[in-house]
Structures are given as structure tokens and as C-alpha cells.
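Please study the sequence and the structure before reading the solutions.

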Amino acid sequence: MSESPQPKTVICIGDIHGFITKLQNLWSNLENTLNPSQFQTATIIFLGDYCDRGPQTNQVIDFLITLPARYPNQKHVFLSGNHDFAFAAFLRLLPPPLDGSEFSEGWKEFEDSEEREGWFKGDGYEKMHLQGRRWSGAIKAKFNVAKGTEYQGSIYDARPTFHSYGVPHGSADLVKAVPDEHKKFLADLVWVHEEDDVLMNTDDGVKCCKLIAVHAGLEKGVDVKEQMKILKARDTRIPKLQPLSGRKNVWDIPEELSASPTIIVSGHHAKLHVEGYRLIIDEGGGYQDKPVAAIVLPSMTIIRDTDVLAK
């Protein structure tokens, strides 16, 4: 009798936020923990937020863009996080709104925050998406009370990203400093990814599931089909995308997805939360002293950059 085929291995990697050593160590731990054939043929879903907070965004993107050539039998999915979306917005890499509107129309809803957040007003701001202006702005407050940390330049903590490319925070020169291959990486990021026939170990045995990967989650009380349509089309007319940036409103799985086993996996929330089919894999949150984590399916194993593996 021939052996039954191995279930596909799916690895979901949480927010990296500019920490190259954490990414390298996590990758090494994944490679050394998994069976070589599993790792070499795995589907690897990066859950977004590659930039900001940590000091090496430039090197993180360098590492990520080499993976398809180094591991040609793997499938790599790079989701956009809200930070990456804003970085791309500043570099003018976002597609134009599908309805033909101008990005500036999206500023109005949030204009009460412009002064406090110190939105960017340098070269090219007139045609910039709201999040690009916020990302590169100069926030008035120095301390983020909610997080207990100091702001790094802007509300997005983008200063380390500017510095990683050798330019001062808020400088329009970043557009020239970012290499073309990094721009392509940012321009090609997907907002949502669907994967069929993903196996998952549960208390009730192994379940065959549909998996939806989206940086923050799907919004409660909003038609899932409509959300998926906007995400797949990458419709930039919305000034603040809840599936990339929401909090409590995207934490749970929408009820309409409960009819069949559907995994929703996200990063974003600065927490490691595994409950039923809802997976939130962002233990690090961009903090220097917290690990970057990954979850491996179907086993549900959590692997961190800080794991010390037996020799």
C-alpha cells in the first residue's frame, strides 16, 4: 500500500516590525523544528507589518524578497499590514481609488486629527492617501499612553523606517532612497489571502478548513462578501480600512462564517490568541523585548524567535 499524502504545512508568521535578527532567528527555528520535506514545501503566510518600530526595515524587506529564489518549492504569501499600507501610500505605490475619486477626499473624515498627528505637508502630499500623510507626519505628543512607549516620529512609529534607508524622518527623499525591488514588494502586497483544504488539529480531531488570512480581521456586522470584494480589489477609496487596522470590531469571527469550519488568522493586535478557529499571531507587537511568533498548521505548534532548540 502506498502511504497517504502528507497534509500541507501552513505556517503563519506574525508582525516583524523591522527586527531583522528576530526574523532570521524565527526562520532558522522553523527550518530546524520542522521535518525538512514539510518546511521545503510549506505555504508560508506573512501576516503583515514588516516596517516601523524596529531599526532594520530595509534589511527585513531584503530578506523577504530573497525567499522565493532561496526556497523555490515553498509558497510565499505577503499580506499588507496597516503599517505597510501607509509606507506604500507615502511612496505613492497604492492603486488609485476604483471610483475615480481623489485620495484627498478621504482626509475630511479625520481632519480633526491633522494638527495633533502633524500630517505630512511636504512634496507630493496633495495626491497622497490619508495613511501616507499620517505615517510620515510629526506627532505632537511624545508619549503613547495606551502603549506605555514613546512615539517614534509619527503615530505609526515610522522614524526607524526612514532611518533604515538613510534619510531623516518625514523626508520626501525616502521616495528616492527606497530601492525599486522594495517598492515592487510593497506595491504587490495582498490585503487578504484565502487557502482551501487547510487541516487543523482540534479537541474534536483533525478538521479540514477554509483559511482566511487578513492583517487585523474581518469586521463584525459588515457583510463578509462585501469586505472580501473590497480587499481582493484593493480598493483604496476607503481612508481607514478596518480589516487592516481595526481592533475590537475585527477580533471575532463574523457569525456568517460559522456554517463551515473557517480559520481566520491575523497579526496586528500585539497578542498571541488561539481560540477555536480564530488565530491572532502577534506576540511581539513591535516591542524590542517581545518575541516574533509563528503558528504551524495542522499541528497548531507555536514557534518563536526566542526558542532555544536542543542540539
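**Exercise 1.** Determine whether aspartate 157 is buried or exposed.

*Solution.* Aspartate 157 has a relative accessibility of 4% and therefore counts as buried, where buried means under 20% relative accessible area, exposed over 50% and partly exposed in between (1.4 Å probe, protein chains only). The model is predicted: local features need pLDDT of at least 70, side-chain atom pairs count only at pLDDT 80 or more, and totals for chains, interfaces and linings use all residues. Residues are numbered from 1 along each chain as its sequence is written, and side-chain values use heavy atoms, with hydrogens and water left out.

**Exercise 2.** Identify the residue with which aspartate 157 forms a salt bridge, and state what the pair ties together.

*Solution.* Step 1: a salt bridge requires a side-chain nitrogen of Lys or Arg within 4 Å of a carboxyl oxygen of Asp or Glu. Step 2: the partner is arginine 53, with the closest N and O atoms 3.0 Å apart. Step 3: arginine 53 lies in the loop between β2 (43-46) and α3 (57-70), and aspartate 157 in the loop between β5 (149-150) and α7 (159-164), so the pair ties together parts that are 104 residues apart in sequence. Step 4: arginine 53 also counts as buried, because its relative accessibility is 14%.

**Exercise 3.** Describe the exposure of lysine 140 and glutamate 115, and how their side chains meet.

*Solution.* Step 1: both residues, lysine 140 and glutamate 115, are exposed. Step 2: their side chains meet in a salt bridge at 3.7 Å, N to O.

Note on methods:
Helix = DSSP H or I, 4+ residues; strand = E, 2+ residues; numbered from the N terminus.
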